[in-house]
Amino acid sequence: MRCAANGFVGVILVGVAAGSLGTIPARAAPPAAKPAAPSGSADLKSEGPTQPAKVQDGQYTDKNGDPTYHIADDGKKVDWYTMSGYLRYNANCIVCHGPDGMGSTYAPSLVDALKGMDYAHFAGIIVGGKKDVNASQELVMPAFGDNRNVMCYMPDIYTYLRARADGALGRNRPPEHEPKPAAFEKAEDACMK
Ligand code: HEC
């Protein structure tokens with residue numbers, strides 16, 4: 001089950017008060033990601049400032065174990081998670097945050113907001129929502145903790161937005177992507193059930 005059994009949920013629990021996590025069961029944190037062996041590091045080189053330290057089943061992570069993108073071929077070819085995140089962003093977030101994460105009159109630019117935002121912080125906002133009580137207009141970021149269409153794809157959406165925030169990925173649909181990993185498909189099926 002990808003949403004609940006996903007190792008990253010462990011990271012969320014470290015960063016966010018467990019009480020705000022609602023329906024997501026607690027899970028032990030994964031062992032810290034080790035830097036890739038020298039033999040594998042050539043494959044891990046990515047365009048953009050955030051370099052992956054590890055790849056497992058097509059999912060790239062940085063030295064802190066946070067999900068990150070892998071972009072190659074002059075910016076044209078993205079990893080599967082970035083592609084999936086693009087699709088999920090367009091299904092669930094675009095209505096408020098605008099095309100390509102650029103922001104709208106209602107909701108802030110996520111290209112700006114994701115600069116330096118780690119996965120635990122991001123996940124906390126997505127699970128629990130956010131409300132700006134000081135704004136003259138009441139701004140509400142809905143809580144998606146019960147929405148599998150978002151929860152099952154949280155690392156994907158983070159990965160996509162991180163690539164946008166880093167300036168590694170331009171606007172519009174990525175032209176090419178790595179194949180969908182078999183492990184992704186299995187976890188997706190389990191999570192969406
Ligand atoms: C109904 C409109 C709406 C939808 C849909 C929505 N958001 Fe938001 N989001 C907002 C608003 C408004 C804010 C600003 C809230 C505030 O300032 O307190 C916000 C804030 C955020 C922030 C925090 C930004 C910051 O500067 O701290 C993140 C991250 C975020 N949204 C991500 C997402 C993602 C990812 C999705 C899709 C899964 C999404 N949002 C869907 C309205 C929305």
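Q: What percentage of the 193 residues of the chain count as buried?
A: This is a predicted model. A residue is buried when 20 or more other C-beta atoms lie within 10 Å of its own. Of the 193 residues in the chain, the share that passes is 32%.

Q: How many helices and strands does the chain have?
A: The model is predicted, and its elements are DSSP runs numbered from the N terminus. The chain has ten helices and eight strands.

Q: Among contacts between residues at least 6 apart in sequence, what percentage join residues at least 24 apart?
A: A contact here means C-beta atoms within 7 Å. Take the contacts in the chain between residues at least 6 apart in sequence. The part joining residues at least 24 apart is 62%.

Q: Which residues have the most contacts inside the largest nonpolar core?
A: The largest nonpolar core has 31 residues. The elements that give two or more residues to this core are H4, H6, H7, helix H8 (148-151) and helix H9 (154-165). Inside the core, the residues with the most contacts are Met 154, Ile 157 and Leu 161.

Q: Which element gives the most to this core?
A: Helix H8 (148-151) and helix H9 (154-165) are among the elements with two or more residues in the core. The top contributor gives seven residues, and it is H9.

Q: Why is H9 largely enclosed by the rest of the structure?
A: The buried residues of H9 include Met 154, Ile 157 and Leu 161. Charged side chains are on the list too, among them Asp 156, Arg 162 and Arg 164. H9 is largely enclosed because its buried residues number twelve of the twelve.

Q: Which residues does Met 154 touch, not counting residues up to four places away in sequence?
A: Met 154 is buried in H9. Leave out residues up to four places away in sequence. Met 154 then touches Ala 123 and Ile 126.

Q: What is the reach of H9 from its first C-alpha to its last?
A: H9 has twelve residues. At 1.5 Å a residue, 16 Å is expected. The reach in the model is close to that, at 16 Å.

Q: How far apart are the end C-alpha atoms of helix H4?
A: Helix H4 covers residues 80-92, which is 13 residues. At 1.5 Å a residue, H4 should span 18 Å. The end C-alpha atoms agree, with a separation of 18 Å.

Q: Is Asn 90 buried, partly exposed or exposed?
A: Asn 90 has its place in helix H4. Buried residues of H4 include Tyr 86 and Tyr 89. Asn 90 has 14 other C-beta atoms within 10 Å, so it counts as partly exposed.

Q: What distance separates the C-alpha atoms of Asn 90 and Ile 157?
A: Asn 90 belongs to helix H4, and Ile 157 is a buried residue of H9. The two are 67 residues apart along the chain. Their C-alpha atoms are separated by 9.7 Å.

Q: Which residues are the closest to the ligand?
A: The ligand is surrounded by 23 residues. Elements that give two or more residues to this shell include helix H5 (94-97), strand S6 (130-132) and strand S7 (139-141). By class, the shell has 18 nonpolar, two polar and three charged residues. The closest are Cys 93, Cys 96, Ala 113, Asp 132 and Met 141.

Q: Which residue in S5 stands opposite Ala 72?
A: S4 and strand S5 (residues 77-78) run antiparallel, joined by two bridges. Opposite Ala 72 stands Lys 77.

Q: Which residue in S3 stands opposite Thr 61?
A: A sheet of order S1-S2-S3 is open, with antiparallel pairing. Two bridges join strand S2 (residues 59-61) to S3. Opposite Thr 61 stands Pro 67.

Q: Is Asp 57 buried or exposed?
A: Asp 57 lies in the loop between S1 and S2. Its phi is positive, about 50 degrees, although it is not a glycine. Asp 57 has 11 C-beta neighbours inside 10 Å, so it counts as exposed.

How values were computed:
Residues numbered from 1 in each chain as written. Predicted model: local features only at pLDDT ≥ 70, side-chain atom pairs only at ≥ 80, totals over all residues. Pairing = 2+ DSSP bridges. Helix = DSSP H or I, 4+ residues; strand = E, 2+ residues; numbered from the N terminus. Near = placed C-beta within 6 Å. Expected span 1.5 Å × (residues − 1). Contact = placed C-beta atoms within 7 Å. Core = buried A, V, L, I, M, F, W, Y, C linked by C-beta atoms within 7 Å.
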